[in-house]
Every structure is written in structure tokens, then in C-alpha cells.
Amino acid sequence: MLKKLAEMIKTSENIVFFGGAGVSCESGCKDFRSADGIYKMNYKYPPESVLSHSFFEMHTEDFYDFYRKYLCFPDAKPNAAHYKLAELEKSGKLKAVITQNVDGLHQLAGSKCVYELHGSALRNYCMKCGKFHDFDFVYKSSGIPKCECGGIVKPDVVLYEESLNNDIIEGAVNAIANADMLIVAGTSLTVYPAAGLIRYFKGKNLVLINKDATAMDEKFGLVIHGKVGEILSKM
Ligand code: NAD
Ligand code: ZN
């Protein structure tokens, strides 16, 4: 199977990568749905409700408590998957990375064309005056992070019930529609509308690299169950 993947990469000229939380697991970030993922932590609320807009409005302090614990990864470094993708982009083969992650690790590894469907924890804005605040400002504050002006500083992360940025969706859809190879990895393909974007792919090589089986495995021409960093580092 690894041979087949290597052959596909070799013969493709417009590769797009679509990833989820699993891509950052080898960097020490927890995903949501693995056996040791955030869903299994028995937090007092399920992650989808904590990470929803209405929860943010109603239980703002609890939101930040969960957010700092489970969606901030101050020590995470890019892993072999992030570096391999940056290398493939540099060589001209890979045209875009589309990610559901908010950790900024693709850019840290050197990727240039990255569509962050769910935003980034590295960007935070005051809800009152719009001022930008960095990762540490939110991560190192306690309780509800407040701007000098008194406004709440909100991470530029798309919460459940909030809509995705149209320009980012459009860029991601175009990249997928023009690709001759789509590598989907580290995602349970259960979070919409992100997971629905792969239906725009019309090319020949559709590959899934995921630790666990997903409900969409049968839609892929090649399915490899394993760790994406380990696998891509052999390419
Ligand atoms: P998910 O938790 O639903 O699924 C992750 C998938 O990755 C699982 O199917 C698991 O089997 C697989 N996986 C785990 N480790 C892997 C590895 N080393 N190699 C290959 N596959 C591996 O994640 P999702 O589908 O991305 O949806 C969760 C939502 O929460 C997304 O929006 C996601 O970005 C966000 N989230 C982000 C981060 C982050 O930014 N690092 C972390 C947790 C959740
Ligand atoms: Zn402000």
C-alpha cells in the first residue's frame, strides 16, 4: 500500500491535502474522537456543546477553561506529516493544505498555501475594539481574557453554530476541484460542512490515511489505516 501511495504521489502534479485533528496527534495534540481523545475525558460538558457559540455566550468562563485545556497546544511542534507536506509544496507538486486544525503547525513547518477552515488559535480579536491579541495573551490570562478597552478577547476559531469564512471555503473548494490527487488524513470526517468539501474532488487519486476506520472509507480508492506522520515520512 505504501508503494501504491508513493507511485500516486510520483505521478500526480496537483496534490491537495485535507486534514483534521489526527494530523497533529504526533505533535502531542489530542484529537476529539480517538480512544484517548477529548471526547473520552469525561469533561462535564460534551466538546461540541462547549465549543458552540451559544455556550460561549452563556458560560463564557467555562468556555475559556475548556479552550485553554483542550484546544491550546503551547508546546506542539510540527511532525513529519507537516514537514513532508511543506516539502511537497516547495517541490511544486502540492498546491494546498486544507485543515480543520487551529494550531498553526502547517505554517510553522513552512507550508504557504493553507486554508484554515476553522480559523486559528494564534489569532484573537477584541470583540469591542477589534484589536489583535496573540496566542499567549489568551493562553496565559485567567478567566475571561479582556482587552485594555474592557472588551472580551475571542479566539479567531470557528465555533459550532458559527459559519465558515466564505473566501476560505471558496479557496478550498477550488483547490480540491482542480486537484488530481486528494490526500485526506487524520479526520473522522464527521464535522460538517468541512467533511463535505471532499465531494468536489474529480481527480483520479483519492486517498485516506487515518488511524481508525471512518464511515466514508469505501469512497476512497486507497485507504491506509495508520499514523499519517509515520506514513508520509516514508514517501
Ligand atoms: P476527530 O477527533 O473527529 O478525528 C480524528 C481522526 O484522526 C480519528 O479518526 C483518528 O483515528 C485519527 N487519527 C488520530 N491520530 C492519527 C494519526 N497519528 N494519524 C492518522 N490519523 C490519526 O477530528 P476532526 O475530524 O478533525 O474533527 C474535530 C474538530 O475539532 C475539527 O474541527 C478539528 O480541527 C478540531 N480540533 C483541532 C485540534 C487541533 O487544532 N490540533 C485538536 C482537536 C480538535
Ligand atoms: Zn479592545
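This is a chat about a predicted model of a protein chain and its ligand.

Visitor: Hi! What kind of model is this, and how are residues numbered?
Guide: Hello! This is a predicted model, where local features need pLDDT of at least 70, side-chain atom pairs count only at pLDDT 80 or more, and totals for chains, interfaces and linings use all residues. Residues are numbered from 1 along each chain as its sequence is written, chains are lettered from A and ligands numbered from 1 in the order in which they are written, and side-chain values use heavy atoms, with hydrogens and water left out.

Visitor: Which residues are closest to ligand 1?
Guide: Those are Arg33, Gln100, His118, Ser188 and Asp212, out of 29 residues that surround ligand 1 (a residue counts if one of its heavy atoms lies within 4 Å).

Visitor: What does aspartate 212 do with its polar side-chain atom?
Guide: That atom lies 2.6 Å from an oxygen atom of ligand 1. Taken alone, ligand 1 exposes 850 Å², and the protein buries 97% of that (Shrake-Rupley method, 1.4 Å probe).

Visitor: And which backbone atoms come in?
Guide: A backbone N or O atom of glutamine 100 is 2.3 Å from a ligand 1 oxygen atom, and a polar backbone atom of lysine 211 is 3.1 Å from a nitrogen atom of ligand 1.

Visitor: New topic: how many helices and strands does the chain have?
Guide: There are 9 helices and 9 strands, taken as DSSP runs (H or I, at least four residues, for helices; E, at least two, for strands) and numbered from the N terminus.

Visitor: Where is the cis peptide bond?
Guide: It runs from tyrosine 192 to proline 193, with omega near 5°. Proline 193 lies in the loop between strand E7 (181–185) and strand E8 (205–210).

Visitor: What about phi at glutamate 161?
Guide: Glutamate 161 is not a glycine, yet has a positive phi of about 80°. Its loop connects strand E6 (153–157) and helix H8 (166–178).

Key: A polar contact is a pair of N or O atoms within 3.5 Å; within protein, one must be able to donate a hydrogen and the other to accept it, and residues adjacent in sequence count only if both atoms are side-chain atoms.
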